[in-house]
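Please keep the sequence and the model in view while reading.

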Amino acid sequence: IYHAWNRDPSKVVFPNGESIQQLQARACDAIRRIEIDNQCDTAIVVSHNFAIRTILCASLGLPLSQFHSLNVDLGSISIIDNGLGASRVITINDKCHLSG
């Protein structure tokens, strides 16, 4: 599983878990519900690294085989503007608020 994950994470299903396609579908569905519930407002969503990367892949139009090309560090901020019916990625992995 480890080697397959490093080669192409989009083809891996973790034992007793889910694939990143399933995770992406679940995470993007949650984002759509948040958008519907918060029209014309700003929403802050806190999540885990893998979920954030799958949402970013969807927003950037990247296939999940490119999942490893995105770096999302603990405590970092990524900003997506979903206004006007289209996603626009503003920031990925911003950590300036963490510096001394």
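## Overall layout

The model is predicted. The protein contains three helices and two strands, and from the N terminus on these elements follow the order α-α-α-β-β. Helix H1 covers residues 2-7, helix H2 residues 20-37 and helix H3 residues 49-60. The two strands are E1, residues 77-81, and E2, residues 88-94.

Along its principal axes, the C-alpha trace spans about 40 × 35 × 25 Å. The protein has 100 residues, of which 26% count as buried. Among contacts with a separation of 6 or more, 37% are between residues 24 or more positions apart.

## Packing of H2 and H3

Two packed helices are described by the angle between their axes and the distance between the axes. For H2 and H3, the axes come within 9 Å and cross at roughly 80 degrees. H2 is therefore roughly perpendicular to H3, since angles of 65 to 115 degrees fall in that class.

On the H2 side, the contact is made by Ile20, Leu23, Gln24, Ala27, Cys28 and Ile31. Their partners in H3 are Phe50, Ala51, Thr54, Ile55, Cys57 and Ala58. Sorted by class, the contact has 10 nonpolar residues, two polar residues and no charged ones.

## Nonpolar cores

Which residues make up the largest nonpolar core? This core has nine residues, namely Trp5, Val12, Ile20, Leu56, Cys57, Leu64, Phe67, Leu70 and Val72. Ile20 and Cys57 are also listed in the contact of H2 with H3.

Tryptophan 5 belongs to the largest core. With neighbours within four places in sequence left aside, tryptophan 5 is in contact with Val12, Phe14, Ile20, Phe50, Phe67 and His68.

## The E1–E2 hairpin

Strands E1 and E2 run antiparallel and are joined by four bridges. Aspartate 81 is placed opposite arginine 88 of E2. Six residues separate the strands, which form a hairpin. In the turn, leucine 84 has a positive phi of about 60 degrees.

## Single residues

Two asparagines also have positive phi. Asparagine 16, although not a glycine, has a positive phi of about 55 degrees, and asparagine 93, also not a glycine, has one of about 60 degrees. Asparagine 16 is found in the loop between H1 and H2, whereas asparagine 93 is part of strand E2. Is each of them buried or exposed? Asparagine 16 counts as exposed because its relative accessibility is 89%, and the cut-off for exposed is over 50%. Asparagine 93 has a relative accessible area of 15% and is therefore buried, the cut-off being under 20%.

Arginine 7 is located in helix H1. With 64% relative accessibility, arginine 7 counts as exposed. From C-alpha to C-alpha, arginine 7 and alanine 27 are 23 Å apart in space, and in sequence they are 20 residues apart.

Conventions:
Residues numbered from 1 in each chain as written. Predicted model: local features only at pLDDT ≥ 70, side-chain atom pairs only at ≥ 80, totals over all residues. Heavy atoms only, no water. Axes fitted to C-alpha atoms, helices over the stretch in contact; angles between N-to-C directions. Parallel < 35°, antiparallel > 145°, perpendicular 65-115°, else oblique. Contact = heavy atoms within 4.5 Å. Nonpolar A, V, L, I, M, F, W, Y, C, P; charged D, E, K, R; others polar. Buried < 20%, exposed > 50% of the residue type's maximum accessible area, 1.4 Å probe, protein only. Pairing = 2+ DSSP bridges. Core = buried A, V, L, I, M, F, W, Y, C linked by side-chain atoms within 4.5 Å.
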